[in-house]
Amino acid sequence: MAAGMAIESEGGDNNIYNGKITVFVILSCMMAGMGGVIFGYDIGISGGVTSMEPFLEKFFPEVHRKMKEDTKISNYCKFDSQLLTSFTSSLYVAGLVASFVASSVTRTFGRKPSVLMGGAAFLAGSALGGAAVNVYMLIFGRLLLGVGVGFANQSVPLYLSEMAPARYRGAINNGFQFSIGIGALAANFINYGTEQIQGGWGWRVSLALAAVPASILTLGALFLPETPNSLIQRKSDHQKAKLMLQRVRGTNDVQAEFDDLLKASSTAKTINHPFKKIIQRKYRPQLVMAIAIPFFQQVTGINVIAFYAPLLFRTIGLGVSASLLSSVFSGIVGAGSTLISMFIVDRLGRKKLFLIGGIQMFVSQVIIGGVLAVQLGDQGTVSKGYSILVLILICVYVAGFGWSWGPLGWLVPSEIFQLEIRSAGQSITVAVSFVFTFIVAQTFLAMLCHFKAGIFFFFGGWVVVMTAFMQLLLPETKNVPIEQMDRVWREHWFWKKYVGEVDEQGKMEEA
């Protein structure tokens with residue numbers, strides 16, 4: 001069995017980065033990728049258990065009563081409950097706060113401790129969720145899960161981007177979204193199985209089994225190597241960092257890349273307040289992307305599917321088991337499409353995938369909205385044929401997201417920041433993601449009640465805006481070494497007037 005594939009990555013200053021994808025890197029990234037599994041598992045589980053009648057009856061009896069007894073209520077309003085949405089969205093409030101704490105931990109102590117802390121917090125939250133006896137205990141467990149997700153989402157994408165060779169950084173980093181998809185798919189299968197358990201306690205199994213990926217991440221983090229970038233940034237032992245870089249790249253000839261890491265680190269060490277630094281004019285492109293990309297990712301409408309797919313399928317008239325099984329199908333499509341993106345992202349590039357996925361998501365959302373507007377109504381049901389059509393269209397939409405905004409929403413922000421602002425930039429990305437995930441999760445059921453089928457046209461409109469934005473304002477970043485990423489902004493038709501002017505001013509001052 002070969003140890004890896006030899007590559008040569010060209011840097012922007014005519015440097016050649018030597019190296020190969022080694023077994024060491026693959027195993028390290030697979031273990032770190034468990035941070036994505038815990039996130040995906042939580043997304044899938046929360047949507048599934050909220051469709052289980054024993055769970056609703058115990059913790060949300062008002063929703064259960066409306067669903068069973070109120071025959072006059074609109075199909076779109078049966079699950080409209082702020083307390084129910086708080087169960088889902090409370091995680092993201094905790095994740096928002098945790099992401100800023102994680103930034104300091106990641107910068108000061110390294111990527112590895114953040115991954116470890118994320119796994120431990122998620123493990124504690126899963127235990128509380130599985131043992132919950134009232135809604136307060138349930139939501140407190142969700143808050144601990146949020147802390148775990150906040151730490152993992154802040155540190156894992158950085159870890160993957162820094163460990164990966166430049167030419168394969170897209171594929172390896174997309175493994176984070178693939179891990180999210182695998183976690184969500186596993187959750188969908190588990191929900192389908194536990195819903196069959198007699199006695200009404202299957203939801204406890206679903207919630208408690210989150211401890212499995214959390215345990216793997218926590219124990220595995222103990223053995224994770226630190227990235228060369230982090231070792232150089234935090235310590236003066238450059239020899240240790242060089243040895244790690246040689247081990248990561250599978251070759252002794254790493255001097256060109258090592259020199260770039262030292263240069264980036266020397267700049268980073270002069271920065272005491274990275275959050276103040278990132279608002280400077282020369283970092284304007286990165287700051288805009290750090291805010292825009294996670295915002296757009298949340299208003300694609302994916303949370304309609306991710307959080308509430310079983311409830312949505314029940315809205316169109318499917319039973320509990322059929323709804324959970326339909327979520328399994330969409331989960332398989334999501335994981336499969338993300339796997340495909342891992343093989344094509346470094347060939348086609350980021351912008352082409354954003355365009356293809358955007359068109360695919362827009363068309364499918366418009367057709368879904370049209371079918372539901374015509375066929376469902378407030379008290380009606382959708383025929384079996386149209387239900388299957390809606391399921392197929394949802395799978396088409398999920399596939400579009402799975403090879404575009406799903407993985408690229410994490411990949412692009414993790415690779416565009418210079419080392420001195422990387423931790424702060426990633427924290428802003430994660431925080432914005434959590435803010436708008438919380439808003440969408442907390443308001444979606446109410447929006448569904450008021451917008452009805454129009455909710456799909458609402459999100460479809462946003463897809464048009466974000467697709468145009470990325471085509472016009474995102475430079476292509478494929479195959480660009482992470483420590484030379486600043487050059488793509490200097491060469492971009494729009495951003496060069498911000499970055500270029502600062503560079504010229506700095507040269508004049510030096511002269």
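Biologist: In this predicted model, which backbone nitrogen lies 3.1 Å from a polar atom of the side chain of Glu226?

Modeller: That nitrogen belongs to Arg111.

Biologist: Where is Glu226 placed, and is Glu226 buried or exposed?

Modeller: Glu226 sits in the loop between α10 (211-221) and α11 (228-234). Burial is read from the relative accessible area, with under 20% as the cut-off. Glu226 has 9%, so it is buried.

Biologist: Which residues does Glu226 touch, not counting those up to four places away in sequence?

Modeller: Glu226 touches Phe109, Gly110, Arg111, Lys112 and Pro113, and also Leu231, Arg234 and Met244.

Biologist: Now the helices. How are α15 and α23 arranged relative to each other?

Modeller: Two packed helices are described by the angle between their axes and the distance between the axes. Here the axes of α15 (residues 284-298) and α23 (residues 454-473) come within 11 Å and cross at roughly 150°. Angles over 145 degrees count as roughly antiparallel, and α15 and α23 are therefore roughly antiparallel to each other. Their crossing is left-handed.

Biologist: Which residues make the contact?

Modeller: From α15, Val288, Met289, Ala292, Ile293, Phe295 and Phe296 take part; from α23, Trp462, Val465, Met466, Phe469, Met470 and Leu473. By class, this contact has twelve nonpolar residues, with no polar and no charged ones.

Note on methods:
Residues numbered from 1 in each chain as written. Predicted model: local features only at pLDDT ≥ 70, side-chain atom pairs only at ≥ 80, totals over all residues. Heavy atoms only, no water. Axes fitted to C-alpha atoms, helices over the stretch in contact; angles between N-to-C directions. Helix = DSSP H or I, 4+ residues; strand = E, 2+ residues; numbered from the N terminus. Parallel < 35°, antiparallel > 145°, perpendicular 65-115°, else oblique. Left-handed = near helix turned anticlockwise from the far one by under 90°. Contact = heavy atoms within 4.5 Å. Nonpolar A, V, L, I, M, F, W, Y, C, P; charged D, E, K, R; others polar. Buried < 20%, exposed > 50% of the residue type's maximum accessible area, 1.4 Å probe, protein only. Polar contact = N/O pair within 3.5 Å; in protein donor to acceptor, adjacent residues only side chain to side chain.
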